[in-house]
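I opened my notebook for a friendly first look at this one. Here is what I looked up.

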Amino acid sequence: MRRKIVAGNWKMNTSVAEGELLVDQITFLSKDFDPNVEVIIAPPFTHLSRIADVLKSKKSKIALAAQNCAYMESGAYTGEVSVDMLKELSCKYVILGHSERREYFGESSETLLKKINLVLNAGMKPIFCVGEKLEERESKQHFEVVAAQIKEVLYKLRGVEFANVVVAYEPVWAIGTGKTATSDQAEEMHAFIRRAIANKFPLYAEDTVILYGGSCKPSNAKELFSKDDVDGGLIGGAALVAQDFAAIIKSFD
Ligand code: PGA
C-alpha cells in the first residue's frame, strides 16, 4: 500500500515563539493520529533549529521539511541555505518547485534539477511541486504544462533516485484562494501524473506518493483524500491552525 502523507507548509509565517507554540499544539493533538499517516511540517529556515529540538525533546514522529534550498553546494552565495545545513538541522524533506518560488523567484526547471539532485545526494527527500496557472487550465493546457514540469526535472533522474521523490500537485489557481480543485479535478490530474511517471519509471509509479495542495482544509480533505490517486495533502493556510491541521491529518478513511 502507498504511504499517506500530510505536509504543512508554513511559508513566511509565524515568529519562532509562535512556531514553537504551534508545534506544541500539533504534537499534543498527534496522540490521535493514525501512525500510518506521515506528518511533515515545513517552518521557515530561521525556525528549523529550534523546532527540531522541540520535536526531539517530545520524541515526536513528525518530520521536518525545509521550504527551499540553494542550487549550489556551498561557498560564496550570500543569503543562501545549503542542503548540508538543512540536513544538519534534521530535515528529512525539502519542498522544491513550489509555484510561489517558480513565480516570484524565477525558479526554472534547470534550477530545480540542480536542487533536486543536491537534495537526493544529501540523502533527503524532495517534495516536488507541479501545477498549472488559471489561464493554462482555462485554455485547456493544464495536462501539457504539468507533463512538461515532470519531464524537465523528474525524467532526468534515475529510477532509484526517483523512488525518494514525493510529488505534489498544486493548481496555482487554488493556492491561498479558497478555491479548491474538485475531488474529480484533483483525481483526474493525479491519475495523469501517475501515468506520466509510469511512462518513465514503471517500477515506481504505483508507489509514488502524490499530494494535493491548494486550499485543502478540514471541510474538503476527506473528499479529496478518498480519491484513488490522492495520497495526502500539502497544506498552506490550514497548517497554521493546529486543530485544522490535525483534522486534515485525520481525514483519511
Ligand atoms: P494553501 O497553500 O493551502 O494556503 O492554498 C497550499 C500550498 O501552497 O502549499
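My entries cover the ligand, then a pair of helices.

I am working with a predicted model, where local features need pLDDT of at least 70 and side-chain atom pairs count only at pLDDT 80 or more, while totals for chains, interfaces and linings use all residues. Residues are numbered from 1 along each chain as its sequence is written, and side-chain values use heavy atoms, with hydrogens and water left out.

**Entry one: the ligand.** I found 13 residues around the ligand (a heavy atom within 4 Å). Lys11, His98, Glu170, Gly176 and Ser215 are the closest. By class, I noted four nonpolar, seven polar (Gly among them) and two charged (Asp, Glu, Lys or Arg) residues in this shell.

Next I checked polar contacts (N or O atoms within 3.5 Å). A polar side-chain atom of Lys11 lies 2.7 Å from a ligand oxygen, and one of His98 lies 2.6 Å from a ligand oxygen. For Ser215, a polar backbone atom is 2.7 Å from an oxygen atom of the ligand. The protein buries 95% of the 280 Å² that the ligand exposes when taken alone (Shrake-Rupley method, 1.4 Å probe).

**Entry two: two helices.** How do α10 and α11 cross? I read that the axes (lines fitted to C-alpha atoms) of α10 (residues 218-225) and α11 (residues 242-249), both DSSP runs of at least four residues, come within 8 Å and cross at roughly 15 degrees. They are therefore roughly parallel (under 35 degrees).

Methods:
A polar contact is a pair of N or O atoms within 3.5 Å; within protein, one must be able to donate a hydrogen and the other to accept it, and residues adjacent in sequence count only if both atoms are side-chain atoms. Axes are lines fitted to C-alpha atoms, for helices over the stretch in contact, and angles run from 0 to 180 degrees between N-to-C directions. Angles under 35 degrees count as roughly parallel, over 145 as roughly antiparallel, 65 to 115 as roughly perpendicular and the rest as oblique.
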